[in-house]
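Student: I have a model open and would like to go through a few spots in it with you. Can we just pick places and talk them over?
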Amino acid sequence: MDAIIPYKEILQMYWEKVTGFVNARCDGLEPWQLIGLTFSSTLLSVWLRGFLCQPESLTSRTKKQFFKLLRKMPFVGAIIQKKIDEALNDVTSSLSFLKDEKDYIKALPEQGMSQPEVLQKMKEYSSKGDVRWQDGKVSGTVYSGEEKLTQLLVQVYEEFAWSNPLHPDIFPGLRKMEAEVVRIACTLFHGGPNSCGAMTSGGTESILMACKAYRDLAYERGIKQPEMLVPVSAHAAFDKAAHYFGMKLIQVPLTKAMEVDVQAMRRAISRNTAMLVCSAPQFPHGIMDPIEEVAELAVKYKIPLHVDACLGGFLIAFMDKAGFPLKRPFDFSVEGVTSISADTHKYGYAPKGSSVVLYSDKEYRKYQFFIAPDWQGGIYASPSVAGSRPGGIIAACWATLLHIGESGYVEATKRIIKTARFLESELRKIDSIFIFGKPEVSVLSIGSDTFDIYRLSNFLAAKGWNLNVLQFPPSIHLCITQLHTKPGVAEQFLKDVRDSIQDIMKDLNAKTTGMGAIYGMAQSVPDRSLVAEISQAYLDGLYSTDVPSSEKHMNGSPGHH
C-alpha cells in the first residue's frame, strides 16, 4: 500500500489543479447560467454522438452531401445533368429486352382467352430474346436444364401447385418435404444434431435472414449499433441486409490472392461487431476465403460467423468425393462457423426460387423468426421474410435432391470442375490476359493489363457469349455450369477468346462501346449516387410497357446487335 501513496498524491495534486481551473472559469456565473451551460453541452454531446455514430460512415455522408451541393450549382449542375441524361439514353437504348415491336397487354381482356390461345401467347413470349442458354454460351444463370429433370419438376409442381407451407395442417406432406430438404442440407454440410435451418426464396433472402438473426442477437447482448465485418468481395446481399436492418457494414480488404485479409478483419473487430462473413467461394473471382482462420477469430471473440456458400455450396460439398479436394474446410466441421447459406437452385439444380439458410444450433435460428403474438387475426408466426410461399417450388426442390442423389451430384461436380480446370489452364497460356487469384471451384475471372477487358466482353458478346461484367478491378467472369461440359463448348469458348484478343490487339486504342463503356464510366465516377441514378433507369426499364419509338442499337463490338 505504501508504494501507491506517491501516485495518490500526484493524482490529488492534478485533481486540485483541474477543479481549481474549472472553479475559476465559473467564478461569477449565476446558478441558472451553470444549469444552462450543462444542459446545452449535454445536448451538443448527444447530437455529436448521433452525428458521428451512424451506420453510414462520416466520410461517405460528407461525400454525398458535397456532390449533392455540387449538383445544385447552376453551371456545374447543368453540365452534370446533361452527362447523366446521355448516360441514361445509352442505358435504355442498350436494353435488348425493351426492343419489342408489338404492343403490351395493359388491361385484362374483356373475355378470357382460351387455354390454346394463352399457350400460344406464352410460346410467343418464351421465344423472345437472342441469347440461347441451351447452347452453353451463358455464364451461370441456368445450371442444369436437363430435359428429363425438367419433366419431373413439371409433374411435381403440378401436384403441389396450390399448396402453401403457411398452412402445415392442410399440407402436412409439404411440411415434411421442407423439413427433409433442410435436414439433407445440414447433413451435407456436417451439421450436428442441433443444426437446423429454413428454406428461402433464394440466396439473397438466405443472407438477409442470417443477418437479421445476428442483429437481433446483438440487440439482446446489449449492442445498440450492430456491425457486420464483410469482405469487399462478398455478395451485395450483405449491403442490402445492412440497409434493410439498420446495421453498419464494414468492408474488409482482400489480399493479393483475392482472399479476405484476416489480419485486417481482426483489427476491425469492435464491441459492436455482430457477425463476421466469409464466402465459399465469392462471386466475383471464385476464390475461397480462409474460413478456418476467420473462424478462430469468431471463437476467440465469441462472434457468429456466416459462410456464404450460395453460389458454390452444392459443388464444394461434393468436391472431395469427385476427386478434387479443397485445400481448406468450410462448413460446420470448422469450429466457429455458426451459419451457412447455400442455393439449391444453382448447383443443387432445383428450380429458381429455392435456397437454404442453415445454423449450427437452434439458439441462432430463433432470432430469424418473426412472431406477432397480439394480432387480431390470430398469433402470426413466419420463419422467413415471406408469409405465403409457393409449395410447388419446395416440392420440386425436394424431388430434385432425391432424384439426383449423391452419386448424381458427385458426377456433375466432377464434370464441372474438370471443365473449369481445363479452361483455367488454357486461359493462363494466352498472352495479354490473366486469371484473378487461384480459383478452386467453378468461376474464372479474367483481367488484362494490356487492353480494356470490357472490349473482350463486347467481342465475345458478338459471338453469342453472355458473360458477367465486374468492376473494382475491371474484369469479366465465366461461371461454369453443366451446360459448359457439353462436347465442344469449352473448346469453342477458348477459340472465341483467342480470336477476339487477336482482333483487339490490332487496334489497342479503339474506343470501348456498349455496356463495357458504361461499366468503365461507372467506375470512374466519384459520385456514386450518379451511378445509382443510372441503375434506377435499368430497374425502371424492367417494368416498362412503352413501345420503343426507334430502334437504337449500342453495338458492343462490330456486327453485334
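Student: Which residues does threonine 344 touch, not counting residues up to four places away in sequence?

Tutor: Bearing in mind that this is a predicted model, threonine 344 touches Phe314, Tyr349, Ala350, Ser354, Ser355 and Cys397, with residues up to four places away in sequence not counted. Its place is in the loop between strand E6 (337-342) and strand E7 (355-359).

Student: And is threonine 344 buried or exposed?

Tutor: Threonine 344 has a relative accessible area of 1%, and because buried means under 20%, this residue counts as buried.

Student: OK, switching to leucine 276: where is that one?

Tutor: Leucine 276 lies in strand E4, which covers residues 273-279, and at 0% relative accessibility leucine 276 is counted as buried.

Student: What is leucine 276 in contact with, leaving aside its neighbours within four places in sequence?

Tutor: With those neighbours left aside, the contacts of leucine 276 are Leu229, Met265, Ile269, Val294, Leu297, Ala298, Ile303, Pro304, Leu305 and His306. As for cysteine 211, its C-alpha is 10.0 Å in space from that of leucine 276, while the two are 65 residues apart in sequence.

Student: Now the helices. At what angle do the axes of H14 and H16 cross?

Tutor: The axes of helix H14 (residues 391-427) and helix H16 (residues 489-505) cross at roughly 20 degrees and come within 10 Å. Because angles under 35 degrees count as roughly parallel, H14 is roughly parallel to H16, and the crossing of the two is right-handed.

Student: Which residues meet there?

Tutor: From H14 there are Thr419, Phe422, Leu423, Glu426 and Leu427, and these meet Ala490, Glu491, Phe493, Leu494, Val497 and Arg498 in H16. Sorted by class, the contact of H14 with H16 has seven nonpolar, one polar and three charged residues.

Student: Say more about arginine 498: what does it contact beyond four places in sequence?

Tutor: Arginine 498, whose place is in helix H16, is in contact with Glu426 and Ile430 once its neighbours within four places in sequence are left aside. Its relative accessible area is 37%, so arginine 498 is partly exposed. Between arginine 498 and leucine 427 the C-alpha to C-alpha distance is 9.0 Å, with 71 residues separating them in sequence.

Student: Last one: how far apart are the end C-alpha atoms of helix H1?

Tutor: They are 31 Å apart, which agrees with the 32 Å that the 22 residues of H1 (residues 5-26) should span at 1.5 Å a residue. Just after H1, glycine 28 takes a positive phi of about 95 degrees.

Terms used: Residues are numbered from 1 along each chain as its sequence is written. This is a predicted model: local features need pLDDT of at least 70, side-chain atom pairs count only at pLDDT 80 or more; totals for chains, interfaces and linings use all residues. Side-chain values use heavy atoms; hydrogens and water are left out. Axes are lines fitted to C-alpha atoms, for helices over the stretch in contact, and angles run from 0 to 180 degrees between N-to-C directions. Helices (H or I, at least four residues) and strands (E, at least two) are DSSP runs, numbered from the N terminus. Angles under 35 degrees count as roughly parallel, over 145 as roughly antiparallel, 65 to 115 as roughly perpendicular and the rest as oblique. A crossing is left-handed if the near helix is turned anticlockwise from the far one by less than a right angle, and right-handed if clockwise. Contact means heavy atoms within 4.5 Å. Ala, Val, Leu, Ile, Met, Phe, Trp, Tyr, Cys and Pro count as nonpolar, Asp, Glu, Lys and Arg as charged, and the others, Gly among them, as polar. Buried means under 20% relative accessible area, exposed over 50%, partly exposed in between (1.4 Å probe, protein chains only). The expected span of a helix is 1.5 Å times one less than its number of residues.
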